[in-house]
Amino acid sequence: MSEATRSTPRQAETRQPRHLARIGAVQALYQMDLSGTDAGEVIQQFVECRFAATEAGQDADPSDDDLIGGDAKFFSDIVEGVVRRQRDIDPLIDRQLADGWRLKRVDSILRAILRAGVYELIDRSDIPVRVVINEYINVGHAFFSDDEPRVINGVLHALSGEVRAREVASHDASRSK
């Protein structure tokens, strides 16, 4: 798997609040992974600096790497949730990776994307499986141009059948009619 060339995404295809929150969560998880910074500190930094213009009601022209317009509460939920559930999340991802690959060997940004996506699958049943998978594939495209979005799709799709079997079966049954 190729190493991501940047820790900030290419221009986002959409500037929807939850999409921006997911990109921010991936960036925060990446920062925490590399620097060992506490989740609370990173969340505070992102909310004050990256989401701040929205909170202050400023009308700003967003650049490629800002999160203006993002859902700061949703962002915080993802980051805190990944930290809280990481002992559950990592083994699930490890089981889905190709033989010989462990999550520790995966690119840091890809690791953050997978952790965030799996967190939403296991703890955010209010968000449909297909939305979670599509969103994180799009987040993957924001950071990578190689095979990583396919890896994201494969891992999240396989885990969705395991952690949300009833929803996936129901969706599959309605498609076959």
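User: With which residue does D123 form a salt bridge?

Analyst: This is a predicted model, in which local features need pLDDT of at least 70, side-chain atom pairs count only at pLDDT 80 or more, and totals for chains, interfaces and linings use all residues. Residues are numbered from 1 along each chain as its sequence is written, and side-chain values use heavy atoms, with hydrogens and water left out. A salt bridge is a side-chain nitrogen of Lys or Arg within 4 Å of a carboxyl oxygen of Asp or Glu. With its closest N and O atoms 3.2 Å apart, the salt bridge of D123 is formed with R84.

User: How many residues apart in sequence are the parts that D123 and R84 tie together?

Analyst: Helices are DSSP runs (H or I, at least four residues), numbered from the N terminus. Because D123 lies in helix α5 and R84 in helix α4, the pair ties together parts whose separation in sequence is 39 residues.

User: Is R84 buried or exposed?

Analyst: Buried means under 20% relative accessible area, exposed over 50%, and partly exposed in between, with a 1.4 Å probe and protein chains only. D123, at 29%, is partly exposed. The relative accessible area of R84 is 51%, and R84 therefore counts as exposed.

User: Which residues does D123 touch, not counting residues up to four places away in sequence?

Analyst: Contact here means heavy atoms within 4.5 Å. The C-alpha atoms of D123 and R85 are separated by 9.0 Å, although the two residues are 38 apart along the chain. Leaving out residues up to four places away in sequence, D123 touches R84 and R85.

User: How many of the 16 residues of α5 are buried?

Analyst: Helix α5 reaches 22 Å from its first C-alpha to its last, close to the 22 Å expected at 1.5 Å a residue, where the expected span is 1.5 Å times one less than the number of residues. The helix is largely enclosed by the rest of the structure, because the number of its 16 residues that are buried is 14.

User: Which residues have the most contacts inside the largest nonpolar core?

Analyst: A nonpolar core is a set of buried Ala, Val, Leu, Ile, Met, Phe, Trp, Tyr and Cys residues joined through side-chain atoms within 4.5 Å. The largest one has 49 residues, and the elements giving two or more residues to this core include α4 (72–96) and α5 (108–123). The residues with the most contacts inside this core are F75, V79, I113, Y136 and F143.
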